[in-house]
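I opened this entry to record what I looked up in the model. My notes go from sheet to domains to ligand, then to a few single residues.

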Amino acid sequence: MTGTCFDRSILNLTGFQKNLVKEFYGSKFCFYCMAIPEHLSLTIPKSDLPRVVIIGGGFGGLKLAKGLRKTNVQVVLLDRNNFHTFQPLLYQVATAGLEPDSIAGPLRQSFEGNPNYFFRMVKVTGIDPEKNEIETTVGNLAYDYLVIASGSVTNYFGNDQIKKRVLPLKKIVHALDLRSHILQNFEQAVLTKDKSKLQQMMNIVVVGGGPTGVEVCGALSELKKHILPRDYPDLDFSGMNIYLIEGTDRLLNGMSKASGDNSLKYMKRLGIDVHLNTMVEGYENEVVKLSNGNIESSTVIWSAGVKGNVLDGIDTSAIEHNRLVVDEFNCVVGSNNIFAIGDVAMMKSEEFPNGHPMLAPVAMQQGVHLAKNLKKSFTKKKMIPFSYFDKGSMATIGRNKAVVDMPGGFHVKGLLAWLIWMFIHILYLIGFRNKLIALNNWIWSYLTYDKGTRLIIRTFHRNKMKSS
Ligand SMILES: Cc1cc2nc3c(=O)[nH]c(=O)nc-3n(C[C@H](O)[C@H](O)[C@H](O)COP(=O)(O)OP(=O)(O)OC[C@H]3O[C@@H](n4cnc5c(N)ncnc54)[C@H](O)[C@@H]3O)c2cc1C
């Protein structure tokens, strides 16, 4: 598509994609025709080796790319960011517990010294299975094997009004926006004479009682108890309310009942106002409309769910509930050289009739497994069906409080669970530097009750927010 004003893929770009292209190419970008200048292309050299194109350097894509090392293939990894995001710790960035750099790792670093590996920071805009090509913001690329590991996007359940006003937590920019918003809010509160406006600013509503919602609430309650009163001595934090709104009758639905019950106990102990069986129906003029009442708040954090990030071009018969239906080898149904792994993939089985849970271990295991299977297919060997090994799940609810479900039905709570949670998260963070920084921050804040990153580096304007 380079340089051609009337190229189909350029005309198909959405407003958001056009903005992204403008951000990437600045003054070199042709604003009139929305075309990329001729000198830009993906510049992937031609090779006799089979080309595996991976869309997304998240948990699944990265494991797959690493698994294909020392294989006679050309690997092209495409991601709209040049870094991998450790999403389970996004809430810590949002609540000033960790710096954003410590939960992200540069994707290029993973491929150093590998002449057949190529990384390109581009957004993939579509797939053309008939031509075996993908379309990106800088042109098309042919593939022999395509792996879609594009993850998921925030699910607003079709409510555009909510989408425009609430604060999601899916990307590092979201976490930074949220951190700025929370801190700006208190800076504004200090300046406010109007009591009802002040109360709006002191009320924070978290929507969704899954692990993210529970973890955000725990971290906010720590800010309220230990940090904010020191930073803002002129405000009365006994008037700060944290609400957790959950549509079903329990917290942590994907975990055991014991974990749900214990997390509810912890929430109550921390003073979080939990509303179960309650739906958020709208949010306008700083009023959250609930199925059973209203709450005035200038901060609504949306952690109510995600849906698969399905790219244009795949036949609709292979899409179910916003995920790509794959067989037991992660091959997209109806295709023989397009695969999908992680959040975007739906592999149905007797054990998982609606597909696997959208969790990092599923994506990582599928990435590792698909690398092995692709190697088999290059040598004409039989592929092996994927089977998920559930190592357990966990959520933390602030200092010394966590719940862990282990394989075999074992449930751990409290300090031991909290230590397990920390150990596992340090273990899976990418890069030794990140592990060290995160551990250092946690030890520091544990000992001093301090959080170092209460900075409004860039002011957040809700009207300019980019969702998804
Ligand atoms: C706030 C939060 C907390 C979570 N906590 C936990 C937890 O505690 N435990 C757990 O197991 N799971 C957790 N998860 C879920 C976990 O992060 C996901 O299951 C996991 O990231 C899925 O991996 P993936 O490889 O499928 O996608 P991702 O890791 O999301 O990676 C997708 C990649 O694709 C890229 N991409 C997407 N679209 C395009 C495009 N069009 N062009 C180019 N690149 C593109 C993205 O930039 C991204 O790098 C959490 C998720 C969130 C949002």
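**Open sheet**

I started with a five-stranded open sheet, ordered β5-β2-β1-β9-β22, with parallel pairing. The model is predicted, so I read every value below as computed from it. At the edges I found β5 (117-121) and β22, each of which pairs on one side only. Neighbouring strands are turned by 20 degrees against each other on average, direction ignored.

Strand β9 (residues 145-148) runs parallel to β22, and three bridges join them. I wanted a residue pair here: which residue of β22 is the bridge partner of I148? A340 is the partner. In general, the strands of a sheet pair through backbone hydrogen bonds, parallel or antiparallel.

The contact takes 23 residues from domain 1 and 29 residues from domain 2.

I listed the elements on the domain 1 side of this contact. β3 (83-85), α4 (90-94), β4 (104-106) and β10 (152-154) give two or more residues each. Which element gives the most to this side? I found α4, with five residues. By class, I logged 14 nonpolar, eight polar and one charged residues on the side of domain 1 that touches domain 2.

**Ligand shell**

I moved to the ligand. I found 33 residues around it, and the closest are G56, G58, G60, G151 and G342. At least two shell residues come from each of α3 (59-67), β2 (74-79), α8 (211-231) and α10.

**Strand β18**

I picked β18 (residues 299-302) to check burial on its two faces. Both faces are covered. T299 and I301 on one side are buried, and so are V300 and W302 on the other.

I then looked at its partners. β11 (residues 167-168) runs parallel to β18 and is joined to it by two bridges. There, P168 stands opposite W302. β12 (residues 203-207) also runs parallel to β18, with four bridges. In that pairing, I204 stands opposite T299.

Most residues other than glycine have a negative phi.

N330 has a phi near 70 degrees, a positive value in a residue that is not glycine. I found N330 in the loop between β21 (323-326) and β22 (338-340). Is N330 buried or exposed? I counted 28 C-beta neighbours inside 10 Å, and therefore N330 is buried.

K380 is not a glycine either, yet its phi is positive, at about 60 degrees. K380 lies in the loop between α10 (360-378) and β24 (393-396). I list K380 as exposed, because 6 other C-beta atoms lie within 10 Å.

Note on methods:
Residues are numbered from 1 along each chain as its sequence is written. This is a predicted model: local features need pLDDT of at least 70, side-chain atom pairs count only at pLDDT 80 or more; totals for chains, interfaces and linings use all residues. A residue is buried if 20 or more other C-beta atoms lie within 10 Å of its own, exposed if 12 or fewer, and partly exposed in between; C-beta atoms are placed from the backbone. Two strands pair if DSSP finds at least two bridges between them. Axes are lines fitted to C-alpha atoms, for helices over the stretch in contact, and angles run from 0 to 180 degrees between N-to-C directions. Two residues are in contact if their C-beta atoms, placed from the backbone, lie within 7 Å. Ala, Val, Leu, Ile, Met, Phe, Trp, Tyr, Cys and Pro count as nonpolar, Asp, Glu, Lys and Arg as charged, and the others, Gly among them, as polar. A residue is near a molecule or strand if its C-beta atom, placed from the backbone, lies within 6 Å of it.
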